[in-house]
Amino acid sequence: MNDQGKSHRPMVPTKPPNKVRQPRTAEVVEGRGLAKENAGQQNTHRTQRRARVPSELEGVRQAARRNKGEKFTALFHHVTVERLREAFMNLNKKAAAGSDGVTWEQYQAKLEENLQGLHRRLHQGAYRAKPSRRVYIPKTDGQQRPLAVAALEDKIVQRAVVEVLNAIYEGDFLGFSYGFRPGRGAHQALDALACGLRRKKMNFVFDADVRGFYESIDHAWMMKFVEHRIADKRVLRLIQKWLSTGVMENGTLTECEDGAPQGATVSPLLANIYLHYVLDLWAQQWRKRTARGEMIITRYADDFIVGFQYRDDAERFRQELQERMKQFSLELHPDKTRLIEFGRYAAGNRQRAGLAAPETFNFLGFTHICGTTREGRFWVHRRTIQKRMTAKLHELKSELRRRWHQPIPEQGRWLQQVVQGYFGYHGVPGNERRLRSFRNQVTRLWLRTLRRRSQRDKTTWAQMGRLHRRWLPHVRWYHPWPEERFDARSKARTG
């Protein structure tokens with residue numbers, strides 16, 4: 001995609017840069033192997049009887065892999081009643097209703113009739129997307145994040161269409177893109193980043209944040225990007241409807257001329273498509289043609305980290321990226337985008353210059369810190385972001401007050417699930433101190449809640465210790481060392 005938006009064969013590399021010498025580096029993980037693994041995982045789907053059956057999308061998937069410039073003119077027939085049913089069954093049953101007020105249980109009461117009607121309207125061109133309902137959720141910085149809750153039928157159709165489009169785009173997306181993709185997740189991105197910083201010659205980190213990304217997506221550019229691969233007019237009309245359908249807030253409809261509704265099922269895929277053409281392909285070519293030294297990229301949705309061997313590469317990349325993004329109505333957040341010295345030599349270089357310890361950066365819930373192992377080798381330490389932990393504890397405090405008249409075993413079971421889920425994400429090697437602090441703070445909040453239930457309550461710390469041991473999970477690792485999982489996944493792809 002050039003800057004004028006003309007269609008041509010996308011610049012998708014099929015091998016790592018020539019500068020890579022080590023076979024198991026972050027660049028190898030960023031290669032194309034995972035698309036093959038994901039395709040295998042999506043090769044089948046479950047019928048209503050939960051039997052494994054071949055996917056009709058395999059032909060689409062193979063054609064997308066064979067020809068990166070091919071446009072798909074016939075996709076809509078893959079939106080079948082069966083695929084709509086699968087999409088409905090995979091929805092969150094307890095999710096809030098959209099502007100239509102229809103819940104999952106209400107729709108299920110006449111499921112077959114509803115799905116047949118929805119399918120008929122889709123293929124007759126009578127389907128109309130409904131406005132989303134605006135809700136706000138708190139952010140860790142105290143601000144409110146606007147979300148759009150789509151109507152239930154819109155969620156069903158979006159999920160079905162996303163499954164069809166994933167068969168094409170999973171073969172197009174580059175390996176260093178991890179957000180909201182089948183078979184990929186935050187911890188795969190964290191593994192790749194940690195291994196890249198440790199194994200490659202990284203001395204500087206460009207910590208980037210796109211300001212108001214979802215609200216800034218240009219609809220005209222979005223449709224041009226989609227049209228590189230999709231030529232089925234019915235699918236294109238659906239995407240245009242979802243982009244332009246407004247948001248309902250306090251009874252007032254606001255039309256959307258720009259942006260994608262954050263929270264909609266289709267939005268993460270559209271965001272990945274937009275950044276694939278604006279950022280990923282451009283950055284991959286920049287790395288091959290312009291960078292003097294080694295360079296790694298890890299992107300999760302609109303948050304991305306770029307590592308550099310040389311400062312002048314990093315500064316030139318930042319300047320050219322800013323100019324690139326302006327062409328597509330995007331902007332780097334001036335307060336959240338930084339270039340810092342980070343790597344195996346950062347501490348020594350800064351000490352010799354009379355500077356403080358190397359700066360840290362945050363990514364996917366963890367603060368990344370330059371450190372060393374017991375043997376003195378460079379290591380990237382990861383700690384739960386303090387603000388995130390504090391925000392979670394405030395949330396727990398409010399919920400405990402709401403539950404304080406429940407029996408202690410009922411409170412214990414609920415806290416057990418909450419702490420288990422928290423540890424399931426944050427339980428990475430080296431983060432034990434933060435996990436232990438979180439567990440202890442939860443115990444203090446629980447004791448304080450119990451003591452406030454009655455003026456005569458005399459719960460002691462000894463009694464609380466027994467409750468603590470009985471209900472709260474022990475601190476342990478829930479994830480392996482980054483390189484262990486990183487190498488295992490690399491070996492599985494190349495094997």
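Is Ala301 buried or exposed in this predicted model, and at what relative accessibility? At 10% relative accessibility, Ala301 counts as buried, where buried denotes under 20% relative accessible area, exposed over 50%, and partly exposed the range in between, computed with a 1.4 Å probe on protein chains only. The structure is a predicted model, in which local features need pLDDT of at least 70, side-chain atom pairs count only at pLDDT 80 or more, and totals for chains, interfaces and linings use all residues. Residues are numbered from 1 along each chain as its sequence is written, and side-chain values use heavy atoms, with hydrogens and water left out.

The secondary structure of the chain comes to 19 helices and 13 strands, these being DSSP runs numbered from the N terminus, with helices (H or I) of at least four residues and strands (E) of at least two. Of the 495 residues in the chain, 52% are buried. Among contacts (heavy atoms within 4.5 Å) between residues at least 6 apart in sequence, 72% join residues at least 24 apart.

Two packed helices are described by the angle between their axes and the distance between the axes. The axes of helix H10 (residues 219–227) and helix H12 (residues 267–289) come within 10 Å and cross at roughly 85 degrees, the axes being lines fitted to C-alpha atoms over the stretch in contact and the angles running from 0 to 180 degrees between N-to-C directions. H10 and H12 are therefore roughly perpendicular to each other, in a scheme where angles under 35 degrees count as roughly parallel, over 145 as roughly antiparallel, 65 to 115 as roughly perpendicular and the rest as oblique. On the H10 side the contact is made by Trp221, Met222, Phe225 and Val226, and on the H12 side by Leu270, Ile273, Tyr274, Tyr277 and Val278. By class, this contact of H10 with H12 has 9 nonpolar, no polar and no charged residues, with Ala, Val, Leu, Ile, Met, Phe, Trp, Tyr, Cys and Pro counted as nonpolar, Asp, Glu, Lys and Arg as charged, and the others, Gly among them, as polar.

Rings of Phe, Tyr and Trp (its six-membered ring) are taken to pair if their centres lie within 6.5 Å, and planes under 30 degrees apart count as stacked, over 60 as edge-to-face and the rest as tilted. By this rule the count comes to 22 aromatic pairs. The rings of Phe213 and Tyr214 have centres 5.4 Å apart and planes at 70 degrees, so this pair is edge-to-face; Phe213 and Tyr214 are both buried. The rings of Trp221 and Phe328, with centres 4.6 Å apart and planes at 65 degrees, likewise form an edge-to-face pair. Because Trp221 lies in helix H10 and Phe328 in the loop between helix H13 (311–326) and strand E10 (338–341), the pair ties together parts that are 107 residues apart in sequence. Trp221 counts as buried at 12% relative accessibility, and Phe328 counts as buried at 0%.

Most residues other than glycine have a negative phi. Positive values are found for Ala301, with phi near 60 degrees, and for Ser329, with phi near 65 degrees. Ala301 is located in the loop between strand E8 (295–300) and strand E9 (303–308), whereas Ser329 lies in the loop between H13 and E10 and, at 39% relative accessibility, counts as partly exposed.

Met295, in strand E8, is buried with a relative accessible area of 2%, and its C-alpha atom is separated by 9.0 Å from that of Ala314, 19 residues away along the chain. Gly196, in helix H8 (residues 186–199), is buried with a relative accessible area of 0%; the C-alpha atoms of Gly196 and Ile296, 100 residues apart along the chain, are separated by 6.6 Å. Trp379, in strand E13 (residues 378–384), counts as buried at 13% relative accessibility, and its C-alpha atom is 6.5 Å from that of Arg198, at a sequence separation of 181 residues. Leaving aside neighbours within four places in sequence, Trp379 is in contact with Arg198, Ile369, Cys370, Gly371, Thr372, Thr373, Trp481 and Pro482.
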